[in-house]
Structures are given as C-alpha cells and as structure tokens.
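Let's take a walk through this model together, one region at a time. Have your viewer open and follow along.

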Amino acid sequence: MKAIRMMEEIKLIGPFKQLLTMEVLPLKGPLTDSQLLIIDDAGILVSNGKVMATGNYATLKKEHPSAECHELKGDHVCLPGFVDAHTHICFGGSRANDYALRNSGKTYLEIAKSGGGIWDTVTQTRKANIEELTKSTSKLANRHLKTGVTTLEVKSGYGLSIKEEVKMLVAIQEANKVIPSDIIATCLAAHMFPKDFKGSKKDYLEELSTTLLPKLKESNLTHRVDAFIEESAFSPTEIAPYFETAKSMGFDITVHADQFTPGGSQVAVDFGAISADHLEASTDTEIQLLAQSDTIATALPGASLGLGCNFTPARRLLDAGATVAIASDHNPGSAPMGDLLTQAAILGAFEKLSNAEVLAGITVRAAAALGLQDRGKLTKGLLADFSLFHTDNYQEILYNQGNLKPCMVWKEGNLVYNKHKA
Ligand code: NIG
Ligand code: FE
C-alpha cells in the first residue's frame, strides 16, 4: 500500500561492494562498460523517498552521524530499480492453448484469424470485474517487483469498447494504489478491430476519438495512447486520424510497430511518438528512421521468446544511433514469461550488447521511453528506487541470465521486498 509520507529521518543504506548510478550516460547510441559510473564500497543516503547523495559509505556515515543506518552484511551490488516500459499484465484467462498450438506449427496470425489470439483474451477480460482485474494485475506487478521492477507500464487493449477499456484503465489505476511499485497506464483501445463492433474500422476509431479520448482526458486515467499497426490490426492510413486527435489532445503516442511487417515505425516517427516498440521486422530503412528521430526503440525479447522468432535488431539500432530500451511485453499471448531481467540478459547474448547497453535499456533509457525524468538512475533528487544483488561484481547479474534475482528491493527509500523474509 502506498503510504502517505511523513517528515522522515535521513536513512543511510549500505555498504555495497559496487553501486551503479547509471548517471552521465548518453541517451542515444552504443555504450561501453567503461562508461558506467561505479562507486566501490558505496552507500546511498535517502531523505523523503529521494536520493540525497551517493558515495563512499564510510564517508557518508561520518558526514551524517544522525542518519538511521541500514547496515548490510555480505557483498551486494546496487542498481537503480528496473523500469518495464511495455506490459499488458491486466487481463483475464490464459492462452496456454495458443502457446501449444504455436509450438505445433500454427502461427500467431493464423490463430488470431481463427478466433483465438487477442480476441480470446478480450472475451475473458470482459468477463472479469474491476476487483478481479485489480487483484490479478497487482499480483503480477508484485511478481515483477521481486525481480527488481519498481516502475511498470500497463496497457489496456483487452476491452475494445468504450466501457470495457475504461473498466481496464480503472482496474490498472486501482492496482497502482495497492502495490509498492508505480504503474504508468496506457490506452491500447486500438489493439485490434473488435469483432462485435457494429460498423467499420474507421467508425470504431472515430468513436474512440470522439468518446473515449475525452473521457480519459477528463478522468485522468492515462496520458498515453498506443495502437497496433499491422495487417491484422490497423494500417498506417487507418490510424492517422486517431493519432492526430490523440496528439492534439496532448496524449503521448506510443506504437506497436514492425512486429511482423514494417510500417509502424514510420507512423511512430511521423507522429513524434515517444517510443516504437517490437521492431522485430524492422529493416535498415526503419533503423535509420528511428536513429534519426527522438522516438525510442523498445525491444521486446519476451515476445521473440514467446513466439519463437527473431529478436529486435538492437545492435544495429544502437550502432545507427537510436535509443534502445528493453521491456518484457508481458502478456498472455505473445509474451507469457514476464521476467524482464532474464529476457534482457538473453537479448544481450544474442544481439551482442554490452552490460551498459542492457542495463541502461531497463533503467535510464526505459524511464525515458515513459517520459519519466525522476527515476532510472541514482542521482541526487531522483526517486530512491533500487535493488540489491548478492554478489561482489555487477557483471555477475547479466552473466547469470536472470537467475541471480535481487535479494532486496527498495522503493522510494522503503524496503518493499526482502528475499530473506519473503
Ligand atoms: O505486444 N502485438 C500485439 N499485442 C501484444 C500481444 C497481445 C496478445 O497476444 O495478447 C504484443 O505482442
Ligand atoms: Fe505489446
């Protein structure tokens, strides 16, 4: 439960064998591990949920003798809390059968065409009430928290009517109130054309523009709008008027782009989207386009692992100069695993990414993909969100490919997960 913060004592947490602040890294392009700012024998000083200072533990202790000390035994590496910038963890039902069908040879799009896929989850999600969805979303968010995720984005998109999309966004908002981590909500009412809508795709998108978006604006349920650009969902031409309205109303745009065929990233760049996500089918043209824009390229290795297909060309995107964030895409269909650290480590091994590129992709660059300036690195004045790993060398974290989980997670200066007490 998010507590109301009273005037608080200064806390000193440490010592950590290594603390990676993720500061002073460029937002765009390749990174080498030598660019990582690593403080040895470090401590972190926290006041009112924010970082007051980072530095040598003994020095901080001497300078702040009245600080309440949380002195740790053994070796720990401290990283900023992870930011999972793309998930769909608000849903009803399961798609284990889709997974089995795919592994028997059917494709994601074939399953969708024969009535399974996203529509199956829509049917299950519509059957669930707000309380049920709040509970299941909170449960999954708390699972992410144990893997170090202190901020996560959650999309609607399994309601696909005004009423059902609002229901999902209310459940997401309610979940945010009862969990320690922060949820950033996104409206994905343009996830696919609802089979039961009386009218054309154009009519559906017009209804979203004229009825749903004003409702969302008024109720403050989200400031972000997403759409799936794909043959099975919406074409660039179909989506354009919807994005125009959303943009003119002040919504941030994000796009499910180039998952199976290229096209979506062009839309993302044209509309100044904050991020273009997926990009498994991006070619050199889209890579250059994204690299020359401010749109962040978000790789979703969980979808590649769930569908058994190629990864987002993260190496080529970085080398071209793009900003690459990495997110789990956790959803019941294409990405059921939902373990960001594991997936980011695996993407790193396949795409030949440095530790710095992978870690920036799930911290500071992921925060940028959500437009969040107050987190993603451990800098004075930013949120004191961080995780501790039982090791003396930060390289061990990705080397263990997700199997080395955090032993403690702190959110805004409070210990919200302790493996030894779980
Ligand atoms: O990001 N590609 C579209 N949407 C989701 C999958 C949703 C689902 O299959 O339920 C994705 O992969
Ligand atoms: Fe997605």
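**From a buried aspartate to the iron site**

The side chain of D226 reaches the side chain of K155 in a polar contact of 2.8 Å. Keep in mind as you look that this is a predicted model. D226 sits in strand β9 and is buried, with a relative accessible area of 0%. Beyond its neighbours within four places in sequence, D226 touches K155, T186, C187, L188, A190, F243, T254, V255 and H256.

Take H256 to begin with. Its NE2 atom coordinates the iron ion (ligand 2), together with H86 (NE2), H88 (NE2) and D329 (OD), at 2.0 to 2.3 Å. Along the chain, these donors follow the spacing H-x1-H-x167-H-x72-D. H256 belongs to strand β10, while D329 is in the loop between β13 (324-326) and α13 (340-351), so this pair ties together parts that are 73 residues apart in sequence. Both H256 and D329 are buried.

Now turn to F243, which is buried in helix α8 along with I239, Y242 and A246. The buried residues of this helix pack against β8 (182-190), α7 (201-219), β9 (224-228), β10 (252-257) and α9 (264-270).

Just after the helix, G250 adopts a positive phi of about 95°.

Definitions and conventions
Residues numbered from 1 in each chain as written. Chains lettered and ligands numbered in written order. Predicted model: local features only at pLDDT ≥ 70, side-chain atom pairs only at ≥ 80, totals over all residues. Heavy atoms only, no water. Buried < 20%, exposed > 50% of the residue type's maximum accessible area, 1.4 Å probe, protein only. Helix = DSSP H or I, 4+ residues; strand = E, 2+ residues; numbered from the N terminus. Contact = heavy atoms within 4.5 Å. Donors = N, O, S within 2.8 Å, 3.2 Å for Na, K, Ca; no water. Polar contact = N/O pair within 3.5 Å; in protein donor to acceptor, adjacent residues only side chain to side chain.
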